[in-house]
Each structure stands twice: as structure tokens, then as C-alpha cells.
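Notebook open, model loaded. I want to go through this one chain by chain and write down what I look up.

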Amino acid sequence: MFFVTYLRRELRRRMRQAIFIALGLALGVGLVVTVAAASAGVKKAESGVLSALYGVGTDVTVTGAAPGPPKPGSTSKNGQNNQGSWGLQEGPNGQTEICTSNGTCTSAAGKTIDQLMSSYSGISESKVSQAARLPGVTAAAGGIALTDNTTTFSSSGSSSPSSFTVDGVDTGKPLLGPLSSAALTSGHSFTAADAHADVAVVDSGYAKSENLKVGSDLTIDQIKFTIIGIVRQAQATSPPDVYVPLTRAQAMSLYAGSLTGAVTTIYVAAASASGIAVVSKEIARLLPGTTVTTQASLARQVTGSVSSVAKLASDLGRWLAVLVLIAAFAVACLLTMVAVARRVAEFGTLKAIGWRTRRIVAQVLGESAAMGIAGAAGGVGLGFAGAAIISAVAPMLSATVPAPSGGFALAAGQAAGPGLGGGPRGPGTTASHLVAVPLHPSVTSSVIALAVILAVAGGLLAGALGSWRIARLRPADALSRVA
Amino acid sequence: MYKLTGVTKLYHKGRRTVPAVRDLDLTISDGEWLAVQGRTGHGKSTLLNLLGGLDQPTEGTIELDGTGLGALREPRLTRLRAESIGFIFQTFNLVPTLSAAENVETALIPLGTGHSGRRRRVAAALDQVGLADRAGHLPAELSGGQQQRVAIARALVKEPKVLLADEPTGNLDTDTRDDIIGLLEQLWRERGLTLVLVTHDSAVARPAQRVAVMMNGRVTIHQATGSTSASGSPWDLHPGNARAPDPLTRSRTDRAGRRA
């Protein structure tokens, strides 16, 4: 085809210039792709951290206020005497003693203190169905977040605390809550029939550390739960160690208070992303005194290097990419105009022998588009290379995700209870999840499409400027210059 | 047939106005060979541009076969040039990246001729100018004379009615000049073209039927006598001269003779 032959020959004639233009476009586009990939990777990491906190599909999370201190002498549901606040002291013989608030002290040797504590105050379970009926809400489910703290004192009085977190989940609503983002690695998850069963699903990390497998038994609050499944949450999150049916969690004896007929967390799915803000407001009106968080509000509280990198990619990275792209466009335009100026006689002759202006313009635009396409291919390649380099050399990022105020959200493995000052943590203490976040830049198809469009647009812009000059060219003037 | 009536072309250079063509009345018949002579800067190329529709007169009208060129918009003018007018330039003006055959083919692209038709006509055109074996050569690989032959093939491949040649031998040596003029004459006779040829060289103008001498934008027409002198030139009004005098020179001597 004559068009292609002419185009090919012309680009070959000014090969250096064509390569220069294509390279410039490739650099600009490559930077855009790399920054976009890095941003996407950071967003994905952030999203992974946040979604694991309350599950994929959950748009709004409602948590109760911080639980108050237990009343001394009060009894829990199963009749156990509530120990109230207590502390440790050194006895007259140098042994460790446990003292209750009423002053009674006994030797701690050989004793095991097991405390099941709620992270938040209870919210009446009826509020869950009320939240589900709010306009803009597709579903709501309740959950309970507990921490089981165990402190074992040896005969010498030394203590070895341990804890694990327990989440009560609504087995009838598998798409809401922290279990919804987990991937099953063995066994099976809860079904609706498990609502009142003593079964549990454990996190793969916890199962490995405690040497648990499907079929193993696990005791919580003196109740033996059979493990039916093992799940794995998104990488670098701090998921609960154990999941049990909500009704079983509600029946557990807490160190302070009871959660019968109550939940500590409500997970809400909105009908649309644009309606989340409105739904949040409605829920806050329905449940005053609770903390209502969305993924967006939680994302704003994420600190650590992951948010720094996100900001860096979003601000500096984006502007740098835009500047380089503008420079590449400018160079492409300049060089194309110079090339057109050199070919004035050629175009004047073609016009003289009967070529229409639009045919000549199409030829120039074709040459420019070809350089743009070459730039796009180079840019995508550079973008992939840039993303690979970032993936290879970028350090592990950290994300600190604060829990909503008043909560007892404790990181797995963190012991609460006896120690400094004794007793459960009081309200006002800010807990947080510190998670390591690997950065995996991802080049998506939409970014590739953007890169191609940008590069071809850059080439066509340059061609358009040259074409404007051709359109204004009078053959007589062009030919007189040759003469 | 060309009919020029009161044609004037003015160029404005700052505050100066330069008349390239002044009040020209001229008729060029179908199949006529008109040579346009004159010194540099006296309006020869301007006249050619006006005849080719590459430029518009400041005043007056130019008609080609009854159609006023000034009334045509640019797309129509371009179409007219594509179909009916062939151009030959002093500097050949070949596209440097295209081969001889592809350069000839550029004249057929605007006509929408199919690929096989173009190939056939290009081959025939190159054969007619004696360059069939150079079809694949780039202009840089051809001599000046060969490049001009390619340009002639390009001008004639579309079988135009009019051929406008602007100093076609200006960049060629004497022998090549004669070859090219001989080729043009042959093609002119075979095809019955209307040929308007701009030149400053009397030897090139010799085969023409009329010579339009331009001086300061004004034209003096010299008609061929219908008979030839001893030297074989229709312009030779001075018997015994070996060469046909430059009509410009003839004008001066003629005036000198009368003065004497």
C-alpha cells in the first residue's frame, strides 16, 4: 500500500529523529505507568490491610464504646465470681501474690488465670436488624470481638501470659465480617446449621503456632470447640485467631459483663459506593455513642510508610510523570515541525501535482502515530521494568491502623491483663495494628490502555501541529523557496 | 485552450508593491507549444503558477477550456491539476525516499487508480522516457538527466491536457539539455499536448511555435515565421547566424537597427 510504503521510507530516512521522539514518549509514558503501578500496588496493600479488618463486602463497621471496668463482686453468667480488678504484689516471703480489690491476697503459685474480655461494649442485637432495614443498606450482620488472656503462674511465682483473639461471626451471613475475606486452606467454613454448634475455624498462622489441624479441639471459656476449618487472611494483616459462631460467643462468660443478646460490632453492606456516606450518617443517628467507620475513614487513619509511599506516589510521582510527559510532547511537536519545515518543497510539489491537503496531512499524521505507537510499546515495557524494579528493591512497608477509639482491639499475641497495674485495659487507651505490607506494583490493563492512548495522543498532537502548517502551505510559495 | 484577459499579479513586499505580471492578454491554443522567456525576476514562473492554478491573479481572469480558474475553490483546483495539468520543475522535485516508479506513481494516487492499473501505467511511462531499467532506483541514485526524465514521466503518466515546465533544463548540462528537449518535443508531437515552457535559454525555446518574452511583467509575443532559416530556427530573422538569437537580444538589435 502506497501510504505505508511512503510512511515507512520517510521514517527510515529520519530514523534518528523518529527514535528520539519515540524514546521521549516512551520515557514519559513509562514513568506514568510505573507511578500508576506503584500507586495501584500501595492502594492494593492498603485495601488488603483494611479489608481484612472487617472483611471484603463490608462498607461500614459499627463498634460499641469501650467497656467499663468490672464491678467488684459481680458474677458472670456461668456463676463464676468476677474477680473485679486485681493486682500483683510481692508477699512477705518474696512470693508473688494475687490481690483482689477487697484486699484479699493469695499466693499466685500454680494458678492459671483465664480472662475472656470483650473489645467493645455490647450493642443490642435488635439494632442489627434495624440497621439492615435502613435505606441504602443491602445487609447487616453482627459480630463479637473477644480476647482470651491466660496467665499461668509457676510454683516460683513467675508468670507466662498468653492470649488469643476470638471473633464470633454470624454463620448465616458469610459475606459480611472478617471471615468473608479469608481463604479456606483446609476443612470447611461455617454453615447456617452451625449457628449453635461448638465448632471453630482457626487462622492458619495460629493453627501452625499451636499445632492445630482440622479435627483438633480448642478450649475457650472451658468449652471444647472442634476445629472444622483453617483459613488464611490477606497477607500482612492481624486477623482473629479463632472464629466461633456468634451465639456461642454471646454465651461465653466474660471477665466483665455479658454479651447475651448483644454484639460488639455490626458489619453493614451498602447498596452502592456512593451511598456509603449517607448510610454512615443514618447508622450514627440510629446508634448514638457507637463508633461508625468506613474503609475511607479508616484509610485516612492509616499511618506508617505505606501511607507515606501512597502520598509520594500520588503527589510527587504523579506530578513528575506529568512534567516528563509534557516535556516529551513538546519535544515531539518541535521535531515534527522541523521535519515538516524541511519537507515544504516536497509537500508543495505533491499539492502541485494534485494531492489534496488532507491526503498529505494523513501521511504526516500516520508518521506521527507510528512514532507514538512505538513510544507506547517502549513506554509499557519501561513501565513493566520500573514496576519490577520497585518490586525487587522496595523495602517492606509498614501500616499502623488505629482501632476506633474506646476499643480493646489487641494485636494477636499481645497479652493483656496482669502486668503493669493489672486488670483489663481501661477506656481511652488507643490500640493499633502494626502490620508489614509488601509492595507489589501492579500494571493493570487500564494502565496499559492509558499508556497507549497517551503516547499515541502525543504523537498525533505533534502531527496535528505539523498538519496545521501543511494546511496553510501555498504550493506557489513552497515551490518558489526551492527555486 | 487558455484565455488570459487583463491578468495582473502584484506582490506586496512591505510597503513596496512588485508587479510580477501586468495587464496580460494571452490566448494559448490546444496543442500549442509556447515558450516563455525572460530574465530572472521578470514574472515567468509567476505566469506558470497562474496557468497551473497554483496562484490567483490580483486582477483579470484566466480560463482553461472555458472554466475560470479564479472561480474554482481549492479542492476543485487541486482536482483539475490532478487530472489535466502536468508540472515539470527545474530542480526535478522528486520525493527523495521514493523510487523512480513510486515517484511516477504519486501522480496517479489522487486519481484513485487501482494498484495494478497504477503499476501498468507507471511502467509504460518509464518505458517511454527510457528508464524502464531504473524503476527501482532512488533519485539519489540517478543522474540529473535521469531524474528529469522521471519527472517528465510523472507529469505525463496521467495523460494531461497541459504540460507546464519551469526551466526543465536549468540544472542540466548542454548534452542532457538537448536530450530532454528532444524528449519533450517528441512527446508533445505524439500526444498533442499544450506545452508552456519557461526558459531563459533560446536553444530550449527553439522548437516552440511562439515565444512570450517577459520583461518587467509585460509580455511581447514572437510568432514563429512558418519557415526556417538556414540554421533551422523559426526565430532566426538574421540570415547567416549559426544560432537563433535570443529574442531579447533580437529585440535590442532590431531596435538598434532602426535607430541606426
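My burial rule first: a residue is buried if 20 or more other C-beta atoms lie within 10 Å of its own, exposed if 12 or fewer, and partly exposed in between, with C-beta atoms placed from the backbone. By that rule, 46% of the 260 residues of chain B count as buried. I looked up chain A as well: 46% of its 483 residues count as buried.

Housekeeping. This is a predicted model, where local features need pLDDT of at least 70, side-chain atom pairs count only at pLDDT 80 or more, and totals for chains, interfaces and linings use all residues. Residues are numbered from 1 along each chain as its sequence is written, while chains are lettered from A and ligands numbered from 1 in the order in which they are written.

**Confidence.** pLDDT is the predictor's confidence in each residue, from 0 to 100. For chain B I noted a mean pLDDT of 83, with 86% of its residues at 70 or more. The pLDDT is below 50 over residues 226–260 of chain B. For the complex, the predictor gives an ipTM of 0.84 and a pTM of 0.63.

**Elements.** I take helices (H or I, at least four residues) and strands (E, at least two) as DSSP runs, numbered from the N terminus. Chain A has twelve helices and 18 strands; chain B has eight helices and ten strands.

**Sheet in chain B.** Strands pair if DSSP finds at least two bridges between them. I found an open sheet of four strands in chain B, ordered β2-β1-β4-β5, with antiparallel pairing. β2 (16–28) and β5 (67–68) are its edge strands, each pairing on one side only. Inside the sheet, β1 (residues 2–13) and β4 (residues 59–64) of chain B share five bridges, and B:T8 has B:E59 as its bridge partner in β4(B).

**Hairpin in chain B.** β9 (residues 210–215) and β10 (residues 218–223) of chain B pair antiparallel over six bridges. Two residues sit between these strands in a hairpin, and B:N216 in the turn has a positive phi of about 50 degrees. B:M214 is opposite B:V219.

Contact here is two residues whose C-beta atoms, placed from the backbone, lie within 7 Å. Chain B puts in 24 residues and chain A 21. α1 (44–51), α2 (74–84) and α3 (100–105) of chain B each supply at least two residues to the side of chain B that touches chain A, and α2(B) gives the most, with four.

Next I asked what covers the buried residues of α2(B). The buried ones are B:L77, B:T78, B:L80, B:R81 and B:A82. Their cover includes α9 (344–352) of chain A together with β6 (85–88) of chain B.

**Cores.** A nonpolar core is a set of buried Ala, Val, Leu, Ile, Met, Phe, Trp, Tyr and Cys residues joined through C-beta atoms within 7 Å. The largest has 119 residues, and A:V32, B:V104 and B:A153 have the most contacts inside it. Helix α2 (residues 15–54) of chain A gives the most to this core, 15 residues. A second, separate core has 53 residues, including A:V60 and A:I144. Back at A:V32, leaving aside neighbours within four places in sequence, I listed contacts with A:A321, A:L325, A:A451 and A:L454.
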